[in-house]
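Please consider the protein chain shown below.

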Amino acid sequence: MDFSQLNAAEQAQMSRILEKKQMQDFLKMYSNLVERCFNACCNDFTSKALSSKEEQCLSHCADKFLKHSERVGARFAELNSKWAPPTSESYSIHLASRVALRSHIKTYEYID
C-alpha cells in the first residue's frame, strides 16, 4: 500500500491499522491450524500425553497446512501482482509471520 500522500500522523495510523489486521489474520490462521489438526489427530483422551501416532499426525498436519497456506499465498500474490506491484514491506511482514508460526510449531513439538 502506498501511504506517501498521507501526512506522518496518518501514515502512522494506517501502519498501526495494517499491523493490527495482519496480526488478526495470523491469529486466525494459527487458530484454524490448531483446531483442524487437533480434530484430525487427537482421538485418545485416556492419557494426558500424546501417543507417537498422534504426534506424527500433528506434525504432518501442521506441515501440510503451512505448505497449503504458503501455496495459496503465493498464488494470491501472483494474481495480485497483475493488478498492483507488491510492496517489499508487506511481503516482509508476510514472511515474518510465516517464520514465527513455523518456529512456534517447532517449539510446541518439543515441549513434553
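The points that follow are grouped by topic.

This is a predicted model, in which local features need pLDDT of at least 70 and side-chain atom pairs count only at pLDDT 80 or more, while totals for chains, interfaces and linings use all residues. Residues are numbered from 1 along each chain as its sequence is written, and side-chain values use heavy atoms, with hydrogens and water left out.

**Overall architecture**

- The protein chain holds three helices and zero strands, where helices (H or I, at least four residues) and strands (E, at least two) are DSSP runs numbered from the N terminus.
- Read from the N terminus, the order of elements is α-α-α.
- Of contacts (heavy atoms within 4.5 Å) between residues at least 6 apart in sequence, 60% join residues at least 24 apart.
- The protein chain has 112 residues, of which 15% count as buried; buried means under 20% relative accessible area, exposed over 50%, and partly exposed in between (1.4 Å probe, protein chains only).
- Its accessible surface (Shrake-Rupley method, 1.4 Å probe; for residues, only the protein chains shown count as cover) is about 9,100 Å², and carbon and sulfur atoms account for 58% of that area.

**Helices H1 and H2**

- H1 comprises 34 residues and covers 49 Å between its first and last C-alpha, close to the 50 Å expected at 1.5 Å a residue; the expected span is 1.5 Å times one less than the number of residues.
- For H2, 32 residues should span 46 Å at 1.5 Å a residue, and the 47 Å between its end C-alpha atoms agrees with this.
- At the start of H1, the backbone nitrogen of Ala9 has a side-chain oxygen of Asn7 within 3.1 Å.
- The buried residues of H1 include Phe26, Met29, Leu33, Cys37 and Cys41.
- In H2, Glu54, Leu58, Cys61, Ala62, Phe65, Leu66 and Ser69 are buried.

**The nonpolar core**

- The largest nonpolar core has nine residues: Met29, Leu33, Cys37, Cys41, Cys42, Leu58, Cys61, Ala62 and Phe65. Such a core is a set of buried Ala, Val, Leu, Ile, Met, Phe, Trp, Tyr and Cys residues joined through side-chain atoms within 4.5 Å.
- Helix H1 (8-41) and helix H2 (52-83) each contribute at least two residues to this core.
- Cys61 contacts Arg36, Cys37 and Cys41, leaving aside neighbours within four places in sequence.
- Asn32, placed in helix H1, is partly exposed at 38% relative accessibility.

**The loop and the aromatic pair**

- Leu50 sits in the loop between H1 and H2 and is partly exposed, with a relative accessible area of 34%.
- Residues up to four places away in sequence not counted, Leu50 touches Cys42, Glu55 and Leu58.
- One aromatic pair is found in a search of the whole structure. Phe38 and Phe45 form this tilted pair, 6.0 Å centre to centre with 45° between the planes.
- Rings of Phe, Tyr and Trp (its six-membered ring) pair if their centres lie within 6.5 Å; planes under 30 degrees apart count as stacked, over 60 as edge-to-face and the rest as tilted.
- Phe38 is partly exposed at 39% relative accessible area, whereas Phe45 is exposed at 61%.

Terms used:
Polar contact = N/O pair within 3.5 Å; in protein donor to acceptor, adjacent residues only side chain to side chain.
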